[in-house]
Amino acid sequence: MILLHHPVDLPRLSSLKSTVVENVTPMHESNMDILLEEVQQLFDQHSRVDSLLALSKKLQAEFEERLQSSPQCMLPSHNYTLPNGMEHGTYLALEVGGSTLRVALVDLRGRNSSRHPLRIRRIVSSTIDNNVRDLRGVAFLDWIAEKIKEMLATDREASDHMQLKEPLPMGIAWSFPIDQTSIRSGNIIEMGKGFHCSIYKGHDLGDLITQACQRAHLNIRLDAIVNDSSAAVLSRAYIDPSTRLAIILGTGMNAAIHLPISSLHSSKFGLRQLPSTLDTTHVLVNTELSMFGKRAFPTTRWDEYLNAQHMLPDFQPMEYLLAGGYLGEIVRLIILEATETANLFGGILPFKLTRPYSLETRALAAIEADTHPWLSPSRKLFHETYSLAQPPTPAEMRFIREVILSVSLRSRRYFTAAVYALSSLLHDLDRPNLQAVDHVSIGCDGSVVNKYPGYMEKSQVLLDQLTRLEDGSGSGRGRKRVVLESAGESAVLGAGVAVAMANAED
């Protein structure tokens, strides 16, 4: 029985059965070494490259199936072409997320410019706290307009432009569900995330933003709406013409990929009139990657418990297994069981760890990066952050760190399998169009892939191993090398590129 600083109801995780490995050592009254051995056994599956390749092929089959059928995944955007790198100008760009609004001026100088081809000239971030989320009616959009006005007032050139008759073009990276009807318009489906803006539902985002700017006496025209993953493709492709896809891996995850229009079932486009120009052969596809993997990825009892307790079980199976919003919770559930069955912390679970999702990914990253022989920095961090009666012993901290290593290793492997599956899909569906490049670049944004210790570098090693294995077997057929490239600030930069492209097409 777990002893608690305060009474609280906790699940008895040791009674749950693993969905992967059978006939393992019973957990009751086992010690930390035995539990750690099982954790490593469960999370270290697909350690062989051929096993990881087989997993990737299962995912690719899911991708191909949903290109033809799913109304939730593999959704064509209204971005048909990638930037040619010749777009120039200064544009207003917004990123509207669940917790942050960012207003920026983005300069495009051309791909071949010797001075920062694509850069943020000025940016202001504002926290979207509960007070902002509680704004009713049009007040939230009026708040956004005021933040735009405040930022523009700090830039003389942009402020002067406001006096001209010609409106300042703006692009927006919108993080909420929207039924997009053109590059410039889309009906808001829902806000969610604690917002009280039901009045927006069914209304066109472009009209709402334009009206809010008019009320603030801003001479602005909304010319482009993109989501985060499409923005990442556009921002990276502006600099690197070998970019065909991008992936976001932070708290959540998503990916976008540039595919032939012919690879998607016609029902995906609904009643949309496709551009009539002869060079419109491709479309940027929002994969909704987080929703894949239910049939492909093995899970553990801790994953199954997390999924069962989630408000949307099975909705985003890949995200629940490898994204930053869930890695800490998986580790916390293992710690909970270790306290119950292996006398971790002397059987006394710190009260702060009884709360779901209380173990953050930033703490995992700090502990994984700790190479001190006695893990003194980690012990201090854990003691102070989670109010332990006394610091963890070196043995306890080593157990926790080894658990973290196992969980993050699986995350990297599943991430790599997903990336390789997407690149294989591109290779199979668009091989002629890839002849002009010697490799395929993948833009990467998000706190996990860009900031978690060694995440991108180790994933690249795995990708190279998968490519060599498939080429060596003969099935790769001259597959291009897949290269992960950081695409930081991609939402804002991509919104700027999107509006530049929209203006170039007019």
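**View A. Aromatic cluster of Tyr320, Tyr326 and Tyr357.** These three tyrosines, Tyr320, Tyr326 and Tyr357, form one aromatic cluster; rings of Phe, Tyr and Trp (its six-membered ring) pair if their centres lie within 6.5 Å. The model is predicted, with local features requiring pLDDT of at least 70 and side-chain atom pairs pLDDT 80 or more, whereas totals for chains, interfaces and linings use all residues. Residues are numbered from 1 along each chain as its sequence is written, and side-chain values use heavy atoms, without hydrogens and water.

**View B. Stacked pair of phenylalanine 297 and tyrosine 414.** The whole structure holds 10 aromatic pairs. In the pair of phenylalanine 297 and tyrosine 414, the rings are stacked (planes under 30 degrees apart; over 60 is edge-to-face and the rest tilted), at 4.1 Å centre to centre and 15 degrees between the planes. Phenylalanine 297 lies in the loop between β12 (282-286) and α8, and tyrosine 414 in helix α13 (residues 394-429), 117 residues apart. Helices (H or I, at least four residues) and strands (E, at least two) are DSSP runs, numbered from the N terminus.

**View C. Tilted pair of phenylalanine 382 and tyrosine 386.** The ring planes stand at 50 degrees, with centres 5.0 Å apart, so the pair counts as tilted. Phenylalanine 382 and tyrosine 386 are both buried.

**View D. Arginine 66 over phenylalanine 292.** Arginine 66 lies over the ring face of phenylalanine 292, 4.6 Å from the ring centre. The criterion is NZ of Lys or CZ of Arg within 6 Å of the ring centre and within 35 degrees of the ring normal.

Methods
Buried means under 20% relative accessible area, exposed over 50%, partly exposed in between (1.4 Å probe, protein chains only).
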